Amino acid sequence: MIKRTLYFGNPAYLKKQQDQLVVDFKDEVRPSASVPIEDIGLVVLDHQQVSLTHGLANALISNNAALLFCDERHLPNGLVLPMSANSLFTEKLRAQLDASQPLKKQLWKQTVQAKIRNQATLLSELGLPTDNMQRWAEQVGSGDPVNLEGRAAAWYWKNLFEHVDHFTRHRYGEPPNNMLNYGYAILRAVVARSLVGSGCLPAMGIHHRNKYNAFCLADDVMEPYRPYVDRLVLDMVHTMDELPEELGKEEKARLLTVPTLDVSIDGMKSPLMVAMQRTTASLMACYEGESRTLAYPEM
């Protein structure tokens, strides 16, 4: 079953009551509402006057739900995950930590290839030539030593938003960078939640390494899924007369559908959140020596 994403952008008091998340709206106009905790996969807290009880937070974490906190600019700022959501966590963690460097390089090769191919598919949907992208995907070596990922990304971003004047992909760049950032933050939360559920430690990446980043593995695994966010943002941009400097409720509502986007793995369609569970399970199977292939989506 696809887990629900809950978004709170107005003052509210959240508490646990009989295994339900109960919402008391502070404006005293709307009646209280409730959602079964077992149905929740992601909670986005996007208002400085949203508060929640310790009991509710623990219940959500125990149910393997992720809590995403936004700052005063309404941008994702922090993520809370369970310490472990797998009964064999220690055993699986050892398998992850003992993974050999050649295995990690092979996994990164598959990741880069899947990412470039999905980027190429999105460009082809726009009627753009992608022979070079397909060629680069085939040429990716173990560990991507010549950084074909970067070469493909440069070509991809040069062409994807060519109708947007002076667009450059940069985290702090002009719109629609803000929409991309928000969508990626939602995607990252979905990946991190699923990694923990599969017994992985999100901080230990197969390629990304940063002592200040607690989600290096999530940043690795999300790469082939990024084009799904890009396609969503592209569709949004095409319906706008003017790109917003600050995201409103309508834009956020569209971006919060990322966990429910349809993706396909080996010809089987499912919501992105469900497909992610398959991807992270395949990663753990590789760590445990049961497989050598990651289950990534194909656009």
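Residues are numbered from 1 along each chain as its sequence is written, and side-chain values use heavy atoms, with hydrogens and water left out. Since the model is predicted, local features need pLDDT of at least 70 and side-chain atom pairs count only at pLDDT 80 or more, while totals for chains, interfaces and linings use all residues.

Take helix H5 to begin with. Helices (H or I, at least four residues) and strands (E, at least two) are DSSP runs, numbered from the N terminus. H5 covers residues 148-160, 13 residues in total, and spans 18 Å from its first C-alpha to its last. That is close to the expected 18 Å, where the expected span is 1.5 Å times one less than the number of residues. Its buried residues (buried is under 20% relative accessible area, exposed over 50%, partly exposed in between, with a 1.4 Å probe and protein chains only) are Leu148, Glu149, Ala152, Ala153, Tyr156, Trp157, Asn159 and Leu160. Looking down the axis of H5, these fall within an arc of 165°, so they line one face of the helix; the arc is that of the directions from the helix axis to the C-beta atoms. On the face turned away from the buried side sit the exposed residues Ala154 and Lys158. The buried residues of H5 pack against helices H3 (101-125), H4 (131-139), H6 (177-197) and H8 (226-238), with contact meaning heavy atoms within 4.5 Å.

Next comes strand S5 (residues 40-45). Six of its six residues are buried, so S5 is largely enclosed by the rest of the structure. Strands pair if DSSP finds at least two bridges between them. S5 runs parallel to S1 (residues 4-8), joined by five bridges, and Leu6 stands opposite Val43 in S5. S5 also runs parallel to S7 (residues 66-70), with four bridges, and here Val44 stands opposite Leu68 in S7.

What about Lys252? This residue is found in helix H9 (residues 249-255). Lys252 counts as buried because its relative accessibility is 5%. Leaving aside residues up to four places away in sequence, Lys252 touches Tyr7, Asp46, His74, Tyr182 and Leu247.
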